[in-house]
Amino acid sequence: FFPGLDDAPLDALARRLAAEDGASSELASLRRDVQQKGRASGRVAISHPAGPIAWFSVTAHRLAGRAGLSLWNFEDVTQRSLIDREIHDERSKLADVLDHAPIGFYSVDGAGRFLFVNETLADWLGASPTELVANGAKIGDFLAEPPPAGALPHAPFESGGERGEVVLKGRHGLILQALITQSVIRYGANLRTRSVVRDLTPERDWQAALRQSRERFERFFANAPVGIALLDEQGRFAEANATLGAFFGAAPADLICKALVTFLPEADRPGLASHLAAAMIGR
């Protein structure tokens with residue numbers, strides 16, 4: 001029992017409140033509620049002089065027929081609070097990883113409306129996750145091309161609803177070649193998806209650059225003004241260009257699988273064979 005709401009016991013308790021955000025204000029709020037409403041409940045952190053911070057679940061109410069008296073009940077919930085905080089911290093870390101992963105995550109309902117969007121995908125689409133969900137935006141709103149005939153609102157691609165490629169267009173004009181992989185969870189007549197979006201643009205750009213590089217090399221190989229050949233481990237032609245074929249008076253295709261040394265005078269063959277053997281072992 002605390003005789004009077006403004007007497008010393010509660011003031012002494014307030015001085016022992018831990019340096020937690022809102023702890024002292026929480027106690028003050030509880031005191032006001034008891035004064036004004038006759039009851040209050042909340043959670044406060046209290047520092048013990050010889051121990052760690054303790055968390056208490058607090059309930060209080062005025063005693064009927066006992067003017068100026070109120071009953072305060074403190075239940076030690078320190079362990080529960082520590083576990084709750086640890087769970088909250090782990091969830092926050094997981095949410096941060098999910099939000100800022102280099103791939104997009106989202107969930108839509110059967111009409112294709114977003115139920116969840118991570119930060120990465122929302123950034124690609126030129127909006128915030130909150131905006132997309134609150135405004136009822138749909139995955140179909142961001143398709144740069146019409147979906148295939150018969151495609152479902154929650155699966156706007158031609159693959160039976162689990163995997164497919166789409167071209168997404170963000171509100172800021174970003175064009176994204178994307179691969180969507182998803183699973184569908186049904187509950188009664190409703191459904192939602194668990195969808196992953198991978199940006200294929202860097203991969204496609206890399207493939208295009210590699211293809212262009214290969215084409216340039218092939219043109220250089222074929223049209224170089226010097227003879228160029230690739231030899232296998234036995235010193236036989238695997239590839240030869242037109243200039244080399246002209247040196248030997250043969251079409252490049254006629255050189256394939258023939259040994260280079262057979263095109264040299266007998267006297268030069270041992271020396272060339274020795275050099276080729278040394279080259280094969282990196283010397």
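**Group meeting: a walk through the predicted model**

In the protein chain, residues 24 or more positions apart account for 35% of the contacts with a separation of 6 or more, where contact means heavy atoms within 4.5 Å. What we have here is a predicted model, in which local features need pLDDT of at least 70 and side-chain atom pairs count only at pLDDT 80 or more, while totals for chains, interfaces and linings use all residues. Residues are numbered from 1 along each chain as its sequence is written, and side-chain values use heavy atoms, with hydrogens and water left out.

The secondary structure of the chain comes to nine helices and 11 strands, taken as DSSP runs numbered from the N terminus, with helices being H or I of at least four residues and strands E of at least two. Of the 283 residues, 32% are buried, and by that I mean under 20% relative accessible area, with exposed being over 50% and partly exposed in between, for a 1.4 Å probe and protein chains only.

Let me turn to the sheet. In what order do the five strands of the open sheet stand? The order is E6-E5-E9-E8-E7, and the pairing is antiparallel; two strands count as paired if DSSP finds at least two bridges between them. E6 and E7 stand at the edges with a single partner strand each, so each has one side left without a neighbour in the sheet. On average, neighbouring strands of this sheet are turned by 30 degrees against each other, direction ignored. Helix H6, residues 201–223, packs on the sheet and touches E7, E8 and strand E9, and its direction makes about 140 degrees with that of E8; for these angles, axes are lines fitted to C-alpha atoms, for helices over the stretch in contact, and angles run from 0 to 180 degrees between N-to-C directions.

Within this sheet, strand E7 (residues 163–169) and strand E8 (residues 175–187) pair in the antiparallel sense over seven bridges. Leu168 has Leu176 as its bridge partner in E8, and Val167 has Gln177. The two strands form a hairpin with five residues between them, and Gly173 in the turn has a positive phi of about 95 degrees.

The side chains of Arg171 and Glu131 meet at 2.8 Å, N to O, a salt bridge being a side-chain nitrogen of Lys or Arg within 4 Å of a carboxyl oxygen of Asp or Glu. Arg171 is partly exposed at 44% relative accessible area, and Glu131 is partly exposed at 31%.

Another salt bridge joins the side chains of Asp109 and Arg113 at 3.1 Å, N to O; here Asp109 is buried at 13%, whereas Arg113 is partly exposed at 37%. Asp109 is also one of the residues touched by His154, which lies in the loop between helix H5 and E7 and is buried at 5%. Setting aside residues up to four places away in sequence, the contacts of His154 include Val108, Gln182 and Thr193.

Finally, is Gly38 buried or exposed? Gly38, in the loop between helix H2 and strand E2, is buried at 11%. Its C-alpha atom is separated by 5.4 Å from that of His61, 23 residues apart along the chain.
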